[in-house]
There are 4 protein chains.
Amino acid sequence: METYIVQDVRKAFVVENIWPGIQANCLYEDRYLMGTALARPQIAKGLIECAKQESAQYISHGATGKGNDQVRLELSSYALHPDIEIIAPWKIPEFYNRFLGRNDLFEYAKKNDIPLSITPKKPWSMDGNLMHISYESGILENPMTEAPDDLYQMTVDPKKAPDIADKLEIQFKRGVPVRVKNLADGTEKTDPLELYLYLNEVGGRHGVGRIDIVENRFIGMKSRGVYECPAGQILLIAHLDIENITMDKAVRRIKQGLSLRFAEQVYEGFWYSPECEFTRHCIDKSQENVDGTVTVEIYKGNVFIKSRCSASSLYNEELVSMVMKGNYEPEDALGFIKVNAVRLKEYCRLRSSQAEKGDAS
Amino acid sequence: METYIVQDVRKAFVVENIWPGIQANCLYEDRYLMGTALARPQIAKGLIECAKQESAQYISHGATGKGNDQVRLELSSYALHPDIEIIAPWKIPEFYNRFLGRNDLFEYAKKNDIPLSITPKKPWSMDGNLMHISYESGILENPMTEAPDDLYQMTVDPKKAPDIADKLEIQFKRGVPVRVKNLADGTEKTDPLELYLYLNEVGGRHGVGRIDIVENRFIGMKSRGVYECPAGQILLIAHLDIENITMDKAVRRIKQGLSLRFAEQVYEGFWYSPECEFTRHCIDKSQENVDGTVTVEIYKGNVFIKSRCSASSLYNEELVSMVMKGNYEPEDALGFIKVNAVRLKEYCRLRSSQAEKGDAS
Amino acid sequence: METYIVQDVRKAFVVENIWPGIQANCLYEDRYLMGTALARPQIAKGLIECAKQESAQYISHGATGKGNDQVRLELSSYALHPDIEIIAPWKIPEFYNRFLGRNDLFEYAKKNDIPLSITPKKPWSMDGNLMHISYESGILENPMTEAPDDLYQMTVDPKKAPDIADKLEIQFKRGVPVRVKNLADGTEKTDPLELYLYLNEVGGRHGVGRIDIVENRFIGMKSRGVYECPAGQILLIAHLDIENITMDKAVRRIKQGLSLRFAEQVYEGFWYSPECEFTRHCIDKSQENVDGTVTVEIYKGNVFIKSRCSASSLYNEELVSMVMKGNYEPEDALGFIKVNAVRLKEYCRLRSSQAEKGDAS
Amino acid sequence: METYIVQDVRKAFVVENIWPGIQANCLYEDRYLMGTALARPQIAKGLIECAKQESAQYISHGATGKGNDQVRLELSSYALHPDIEIIAPWKIPEFYNRFLGRNDLFEYAKKNDIPLSITPKKPWSMDGNLMHISYESGILENPMTEAPDDLYQMTVDPKKAPDIADKLEIQFKRGVPVRVKNLADGTEKTDPLELYLYLNEVGGRHGVGRIDIVENRFIGMKSRGVYECPAGQILLIAHLDIENITMDKAVRRIKQGLSLRFAEQVYEGFWYSPECEFTRHCIDKSQENVDGTVTVEIYKGNVFIKSRCSASSLYNEELVSMVMKGNYEPEDALGFIKVNAVRLKEYCRLRSSQAEKGDAS
C-alpha cells in the first residue's frame with residue numbers, strides 16, 4: 001500500500017523559520033541569507049510527523065552525499081525522532097557508483113521510458129522554495145564561469161527592471177514584519193505569508209537579492225552557489241535599520257555574536273538542537289523593543305533605506321543635536337577621553353623605555 | 001610666529017588605514033565602512049609629528065564634544081604623545097555656551113567680517129576625505145526626514161547613473177588590491193592611491209556606496225548619518241569574495257570575530273592601542289593566502305560579483321563536483337551525520353523522559 | 001534634620017547578585033569572583049531607594065577617584081535614577097589635594113579629636129561584605145611584597161586548617177544552590193542566606209578561597225589585590241561540576257561566551273544596564289536543567305569534587321561505556337573523522353603545491 | 001620483515017605542545033589542562049614520520065571508537081599525510097563485536113598464553129605521559145562513584161603531602177617558563193624538559209593538579225575522567241599571574257577568546273589545521289612582553305601566588321597609589337562615568353515612558 005501526503009507548510013515556514021532568521025539578521029559567511037538552510041528543518045518536521053502518523057520506520061531523501069542538505073535533513077530527523085532510520089540512495093555505493101551524476105540519471109530514465117518533466121538543457125542544479133532559489137553544479141562548478149542571464153527565476157535582471165522605484169513602508173513588531181504598505185498604490189499586507197510573497201513580488205520585479213558566492217559547506221569543502229532571495233534581502237536591510245534605532249549598543253554587540261552562532265547552527269543543520277533553541281530564545285528576547293516602521297525604496301537591485309520611526313526608539317534627537325544642549329555636558333567628554341587614554345599612555349611609556357634599553361622586540 | 005604646515009598623507013591613508021580595513025571586511029554595526037574613523041588616526045599622526053617637530057606643547061581641534069571624532073583624535077594623540085595637551089574649544093564651557101551651534105558661528109563670522117567659504121544654505125554638517133563623505137546634523141537629525149537628493153557629492157543618484165555597466169577585474173595580494181583593470185576600456189591602475197581614486201571615480205559614476213543609518217556613537221548616544229563610500233563598497237564586496245575562496249572555513253570564523261573587534265576599535269578611536277595593533281597583526285596574518293582576481297560589474301548602485309580565480313584557492317572543483325568522485329566517499333557522510341546526531345538524540349531522550357515525568361519546564 | 005537609615009539587604013544580595021554570579025561561573029580575568037563588584041549594585045539600589053523615599057537630590061559616597069567602586073556606585077545610581085546628583089569628595093580637588101591618602105585623614109582626625117575605630121597599624125585598605133574581603137593599597141601596592149600572614153579575616157591560613165576534611169553535599173536547582181548538607185555532622189541549610197553563611201564558615205575554617213592577583217581596573221590601570229571568598233570558591237567549583245553533567249556541550253560554549261561578557265559587565269559597574277539584564281536573562285535560561293547534587297571535600301584550601309548525580313543528566317553511562325554497546329556504532333566514527341579531515345587534506349595539498357612552486361610565504 | 005622504532009619526543013612534546021598550552025592558559029571546559037590532547041599531535045607526527053621513512057601505506061592505533069583519541073590521532077595523521085590509510089581495530093565490527101571490552105581481551109590473552117604486564121585488578125583505564133595521567137572507564141563510568149585513593153600515580157594524596165611548603169621562583173620569557181628555582185634548596189632548572197619534570201616532582205610531592213570532571217567529548221557524548229597534572233597546574237597559575245601584569249587589558253580580552261578557541265581545537269584533534277596554526281600564531285604574538293618572575297608556594301594541593309615582578313610590567317605603582325598623585329586627575333573620572341551613563345539614562349527614560357503608557361512587556 002502506498003500513501004501520498006502533501007502538506008502546505010508555507011506559512012509555518014515563514015513564521016517558524018524565516019522570521020527568526022530576520023530577527024537575527026542571519027547571514028552565513030556575511031552574505032548568504034540561507035533560503036535553503038532555513039527550509040530544511042520545516043521539511044524534516046513534516047517528514048517526521050508523517051512517519052510517526054504512518055508508523056514508518058524509515059524515511060528517505062534524495063540529497064547527495066557531498067552537500068549540506070543531507071546533514072540538515074538527517075540531523076533534524078534524528079533530533080525529532082531518534083529511532084528513525086534514513087535511506088539516502090546517494091550515499092549507497094551501489095547507487096552512486098552506478099549513477100555518477102545527473103546525466104546518468106537522464107540516461108537511465110530515457111532507457112527505461114520514465115517520463116521526466118525536466119530536461120538536461122540547463123546544465124546546473126536548482127533548489128527552490130518560497131524564500132529563494134539556489135543554483136549550483138554543472139557549469140557553475142567552475143568559479144570563473146559567469147552565471148548565464150537566463151538562470152534566474154525569481155528576479156528579473158536589474159538591468160531590465162523598471163525605471164520607477166517602489167517605495168514601501170515596513171512595520172516591525174518584536175523584530176518581525178507585521179505590515180507592508182506600498183506607498184505608490186496603497187497595497188497593504190499583514191498576513192505573514194501574504195506579506196512575504198508580496199515582498200518577493202516587489203523585490204523580484206526590481207531584481208533584488210541576487211548573489212554569486214563561494215561558500216564553505218559543513219562537510220569541509222568549498223562550493224560555488226548562485227542565489228536569489230528578494231523578500232529576504234529587503235527584510236534584512238529594513239530589519240537592520242529598525243533594530244539599530246531601538247536596541248541598546250551593548251545589547252547589539254552581544255546579539256551580533258549570537259547571530260553569528262545562529263547562522264552557523266542553521267547552515268549546518270542544527271535547528272533542532274539545544275544550542276539553536278537556546279540561541280533563538282536569546283535572540284528573540286533581544287527583539288522585545290524592536291518595533292517601528294522603516295521606509296525603503298526598491299530600485300534596480302537596490303534596497304535603499306529612506307527613513308524610520310519608532311515609539312521604542314533609543315534615539316534622542318535633543319541629546320544628539322549639535323544645537324540643543326539636552327542633558328549632556330561636552331565638558332564630561334574630557335574626562336571620558338582622559339580615562340580611556342590612561343592605558344594607552346602607559347603602553348606608550350613602556351615601549352619608549354623598552355626602546356631606550358634596546359630590548360624592544 | 002605662526003607656521004602653516006600642509007602634508008599630503010593620502011597615500012599613507014590608503015596603505016596604512018584603508019587597506020587594513022579592507023583586509024578585515026571592516027563594517028561598524030554591519031553597515032558603516034568607517035571612512036571617517038579610518039582617517040582620524042592618520043590625521044592625528046600628522047598632527048603629532050608636527051607638534052613634535054615644532055616642540056609644541058598643545059594641539060587643538062574643532063570636533064564637538066558629542067561626537068566620535070573628539071575621541072578618535074584625542075586618544076590617538078595621547079597614545080602617540082602622552083604629554084601633549086589638547087585644546088578643544090567645543091568642550092570649553094565659555095565657548096560652547098556662547099555658540100550653541102553652527103548658526104551662532106555664522107552669525108559671529110558675519111558680525112565680525114570674517115570671510116567664510118561655506119554658507120548656511122545646506123542645513124547639515126559634512127565631513128569628507130578621499131574615502132568617503134559623511135552627512136549628519138541639521139535636518140538629518142530627524143530620522144524620519146529623508147536625505148535630500150542634492151546632498152551627495154561623491155556619487156551620482158543611481159537613478160541617473162549610466163545604463164551601461166562597468167566591468168572591472170580586481171586583483172588582490174595578501175588581501176589588498178594590487179591591480180584594477182576596466183575590461184571596457186582597458187584602464188589599469190596599480191598604484192594604491194591611483195587605484196583607490198579610480199575605484200571612487202567608477203563607483204561614484206554608478207552611484208555605488210550610499211547608506212543611511214542610525215548608529216551608536218562611542219559616547220553612548222545614537223546618531224543618524226548618511227554616508228557615501230564608492231571605492232570602499234566595491235572593495236568590500238570583492239574582498240569578501242576572494243577571501244572566501246582562499247581562506248579556510250575555520251580560520252574565517254576566528255578572523256570574523258577579530259574583524260568585529262577591529263571595527264569597534266577603529267570606530268572608538270583606539271587605532272594606536274595595544275589591542276588594535278594586535279588585532280591588525282592577526283588579521284594581516286590571516287590574509288597570507290588571500291590572493292587572486294575577482295571580476296565585478298558596477299551598475300546603478302550595485303556591485304555584482306561575476307567570477308573569481310585564485311592560485312591559492314582552497315576550492316577543489318573535482319572534490320565538490322556531483323559528477324566526479326574525487327577523493328571523497330559519500331558513504332563517509334553517514335558516519336559524520338550519525339556522530340553529530342549523538343548529542344541531539346540524547347537531548348531528545350532527556351526531554352521525552354522529563355515530559356513523561358511531567359517535570360518539563 | 002538628619003535621618004540615619006540602616007537596611008539589611010544581605011539576603012537580597014545573596015539571591016539577586018551572588019546567585020546570578022554562581023550561575024555564570026563568573027570570574028573576572030579568570031580568577032576574581034567579584035565579591036566587591038557583585039555587592040555594589042545592591043548598595044546602590046538601597047541608596048537610591050532611600051534617596052527617593054527621602055526626596056533627596058544628592059547622594060554621596062567615599063570611593064576614591066582611581067578605583068572601580070566609584071564607577072559601579074555611580075553608574076548604578078544614574079541607571080536607577082537618571083536625575084540624581086552625586087557628591088564624591090575624593091574627586092573634588094580641594095578635598096583630594098588636601099588629603100593625599102589615608103595618613104592625612106588619620107592626622108586630621110587626630111588633630112580634630114575625631115574618634116576613630118580603626119588605626120593606621122594595618123598598612124593596607126580593606127573592603128568586606130558577606131561574600132568576601134578585599135585588601136589593597138599600602139604595602140600591597142608593591143606587587144613584589146608578599147601579603148602578611150595576619151591580613152586575612154574570613155579564612156584561616158590553610159597551613160593551620162584542620163587535618164580532617166569536611167565533606168558536603170550541595171544540591172542545585174536551576175543552577176542555584178538550594179541545600180547544603182555536611183555529611184560529617186548532618187548540618188543542613190536551605191535558606192539562601194544561611195546556606196551561604198554556612199559555606200563561608202566551612203570554607204573559612206579550611207582556608208578556602210584566597211587569591212593574590214594583579215587585575216585590570218575599568219579605568220585602565222592595573223592594581224594588585226588580595227581577596228578571600230570562601231563560600232564563593234566552593235560554589236564555583238561545585239556549580240561547574242553540576243553544570244557540565246546537565247548542560248549540552250554546544251549550549252555550554254555559547255553560555256561560556258556570555259559569562260565572560262557578564263563578568264566584564266559586573267566588574268565595570270554595568271549591572272543595571274540593558275546588556276547586563278539581557279545577559280542575565282540568557283544565562284538564567286541556560287540553567288533550566290542545571291539540577292542535581294555534587295559532593296565536595298573541603299581540605300586545607302582545596303575544594304575537591306568527589307561525585308555528582310542529577311536527574312537531568314545528559315551523561316549516558318551505557319552510551320559512553322567501553323563495555324556496553326548502547327546505540328552507537330564505532331564504525332560511524334570512521335566517516336565522522338574522514339569528513340572532518342576533508343578540509344585538512346585540502347589545506348595540506350595547497351601548501352605542498354605552493355612549496356613545490358617555491359612561493360610559500 | 002618487522003622494524004621496531006622507538007623515538008624520544010619528550011623534549012619536543014614540552015616545547016612544541018605544552019608551551020603553547022601554557023601561553024594560552026589552555027583549559028578545556030574551564031578545568032582540563034589537556035595532558036592527553038596536547039600529546040596526541042606529537043605522537044601522530046612521530047608516527048607519520050616513521051610511516052614516510054618506511055614508505056608505509058598504513059598506520060594503526062588502538063584507540064577506541066567512542067573516544068577523542070581516535071579523532072586526534074587520525075585527524076593529525078590525515079593532515080600531515082593525506083594519503084595515509086588508518087587501521088583502527090576498535091572500529092572494525094568483526095573486532096569490536098568479538099571483544100566487547102577490556103575483560104574480553106584479558107580472557108583472550110589468557111586463553112592464548114599471551115603474557116600481559118597488566119592485570120584486570122584496577123577496574124579502570126589509564127593513559128599517561130610526562131604531562132599527566134588520565135583515568136576513565138570501569139568503575140569511574142558511574143559519576144557517583146568516588147575515585148579510589150590508590151588510583152593516582154603522579155601525585156600523593158594532598159592529605160599525605162609534607163607539612164612544609166615548597167617555594168619556587170618561576171621565570172617566564174615570551175609566556176614560556178625559562179627558569180625554575182626552589183628557594184628552599186637552591187635547585188635550579190632551565191632546560192625545558194628538566195624544568196617540566198622538576199615541577200612534576202615538586203607538584204607531585206605536594207598533591208597538586210588532581211581533578212575529577214565530567215566533560216564533553218568531541219563525538220557528542222559526556223564522559224567522566226579523573227586527571228592529575230602537577231607541573232601543568234603550577235604553570236597555569238604562575239602564567240596567569242605574570243601574564244596579567246604584563247599584558248594590556250584589551251589585548252587580554254581578545255587573547256582570552258582566542259584561547260577558548262585554541263582549547264577546543266586541541267581537544268578536538270585539530271592541532272595540525274589552518275585554524276590552530278593561525279590561533280597559535282596569534283597567541284604567541286600576544287606573549288611578546290610576557291616576561292618576568294613569579295614566586296609561588298606549593299602546599300598540600302595548592303599553588304599560592306606570593307609575589308611577582310617584571311621589567312615589562314604595565315603596572316604603575318605611582319599611578320595606582322592612593323597616596324601619590326602620578327599623572328591622573330581623579331576629577332577626570334567624573335566625566336568618564338557620566339559619559340558611560342548616557343546610554344543607561346536613556347534606557348531608564350524609555351522604560352519609564354513605556355511603563356507610563358502601560359505598554360511595557
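Modeller: One definition is needed before the sheet: two strands pair if DSSP finds at least two bridges between them. Keep in mind that this is a predicted model.

Biologist: Which strands stand at the edges of the open sheet in chain D?
Modeller: The sheet has 4 strands in the order S3-S4-S9-S8, with antiparallel pairing. A strand at the edge has a single partner strand, so one side of it is left without a neighbour in the sheet. In chain D these are strand S3 (125–128) and strand S8 (210–216).

Biologist: What does the twist average from one strand to the next?
Modeller: The order to follow is S3-S4-S9-S8 in chain D. From one strand to the next, the average is 25°.

Biologist: How much area do chain B and chain A bury between them?
Modeller: The size of an interface is often given as the accessible area lost when the parts come together. Here 109 residues of chain B are in contact with 110 residues of chain A. Carbon and sulfur atoms carry 56% of the buried area, and the total is about 10200 Å².

Biologist: How many salt bridges are there between chain B and chain A?
Modeller: A salt bridge needs a side-chain nitrogen of Lys or Arg within 4 Å of a carboxyl oxygen of Asp or Glu. B:Glu264 and A:Arg253 meet this, with their closest N and O atoms 3.4 Å apart. The count between the two chains is 20.

Biologist: Which helix gives the largest share of the side of chain B that touches chain A?
Modeller: That side divides into 49 nonpolar, 20 polar and 40 charged residues. The largest share is 14 residues, and they come from helix H11 (residues 332–357) of chain B.

Biologist: How many salt bridges does the rule find across the interface of chain A and chain C?
Modeller: Chain A and chain C bury about 1800 Å² between them, 80% of it on carbon and sulfur atoms. The rule finds 1 residue pair in polar contact across this interface. For salt bridges, the number found is 0.

Biologist: Which helix gives the most to the side of chain A that touches chain C?
Modeller: Helices H8 (249–267), H9 (274–286) and H11 (330–357) of chain A each supply at least two residues of that side. The most, 8 residues, comes from H9(A).

Note on methods
Residues numbered from 1 in each chain as written. Chains lettered and ligands numbered in written order. Predicted model: local features only at pLDDT ≥ 70, side-chain atom pairs only at ≥ 80, totals over all residues. Heavy atoms only, no water. Buried area = accessible area lost by both parts, 1.4 Å probe. Polar contact = N/O pair within 3.5 Å; in protein donor to acceptor, adjacent residues only side chain to side chain. Contact = heavy atoms within 4.5 Å. Nonpolar A, V, L, I, M, F, W, Y, C, P; charged D, E, K, R; others polar. Axes fitted to C-alpha atoms, helices over the stretch in contact; angles between N-to-C directions.
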